Amino acid sequence: VSGPDEKAEAARLAYLLAIASARESIRIAHAYFIPDDLMMRTLLEARQRGVEIEVIAPAINDSLIGRAAARSRWGELLAAGVKIHLYEPALYHCKVMIVDERFVTAGSINFDNRSFAINDEANLCLLDPVAARPHLKAFAEDLADSRPYSLTEHRARPVWVKAGDWLCGLVSPLL
């Protein structure tokens, strides 16, 4: 759970512990993927350990500010080898993370500060490779309907988009 009454930020801690313990793979499918500084550092450390990280995020979502704030965080991840894919067929509202094909967290929690610390949210966490299989299958299906977002594409954004992303990134702790 997460929310303003959760002083220990249990959801954030569950995500951080799962990412920090990853040895092989992390698959993230989230409507809002706006990692804060600590999540960024933890994801980058996982990459340094050789953990394969794949993210599916929406190509279009219902928040221009949220999308821009998310993009403001992606360059460093892409440079480190995190694979980001943009889901294109429709709005994408998944909120799932699968670690090492055996740990799954799914529910209402987005990968952003608002979900981790402000909103009242809940996820179910399972440590079971059998329970992870349908989530892995769904991730693969969504991946097939997504297009890769490359570091080259990220760097080629028009200057006005980069500026907007940077400005929105400044308020990302509130999103």
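Start with the largest pocket, whose volume is about 190 Å³. A pocket here is an open set of points on a 1 Å grid over the protein atoms alone, where a 1.4 Å probe fits, with protein on both sides within 12 Å along at least five of seven lines; lining residues have an atom within 4 Å of a point. Grid points are joined across faces, edges and corners, and the volume is the space filled by probe spheres set on the points.

The model is predicted: local features need pLDDT of at least 70, side-chain atom pairs count only at pLDDT 80 or more, and totals for chains, interfaces and linings use all residues. Residues are numbered from 1 along each chain as its sequence is written, and side-chain values use heavy atoms, with hydrogens and water left out.

Select Pro58, Ala59, Arg67, Arg71, Trp74, Leu86, Arg147, Tyr149, Glu153 and Arg157 to show the pocket lining. By class, the lining has 5 nonpolar residues, no polar ones and 5 charged. Nonpolar covers Ala, Val, Leu, Ile, Met, Phe, Trp, Tyr, Cys and Pro; charged covers Asp, Glu, Lys and Arg; the others, Gly among them, are polar. Which element gives the most to this lining? It is α3, with 3 residues. Helices (H or I, at least four residues) and strands (E, at least two) are DSSP runs, numbered from the N terminus.

A salt bridge is a side-chain nitrogen of Lys or Arg within 4 Å of a carboxyl oxygen of Asp or Glu. Asp165 is buried at 2% relative accessible area, and Arg157 is buried at 15%. Buried means under 20%, exposed over 50%, and partly exposed in between (1.4 Å probe, protein chains only).

Next, select Arg12 and Asp36, whose side chains meet in a salt bridge (2.2 Å, N to O). This pair links distant parts of the chain, 24 residues apart: Arg12 lies in helix α1 (residues 10-21), Asp36 in the loop between β1 (25-30) and α2 (37-48). Arg12 is buried, at 10%.

Move to helix α5 (residues 129-144), where Arg133 is found. Arg133 is exposed, at 53% relative accessibility.

Finally, colour by pLDDT, the predictor's confidence in each residue, from 0 to 100. The protein chain averages 88. Confidence is lowest in helix α4 (residues 113-118), at a mean of 72, and highest in strand β3 (residues 83-87), at 97.
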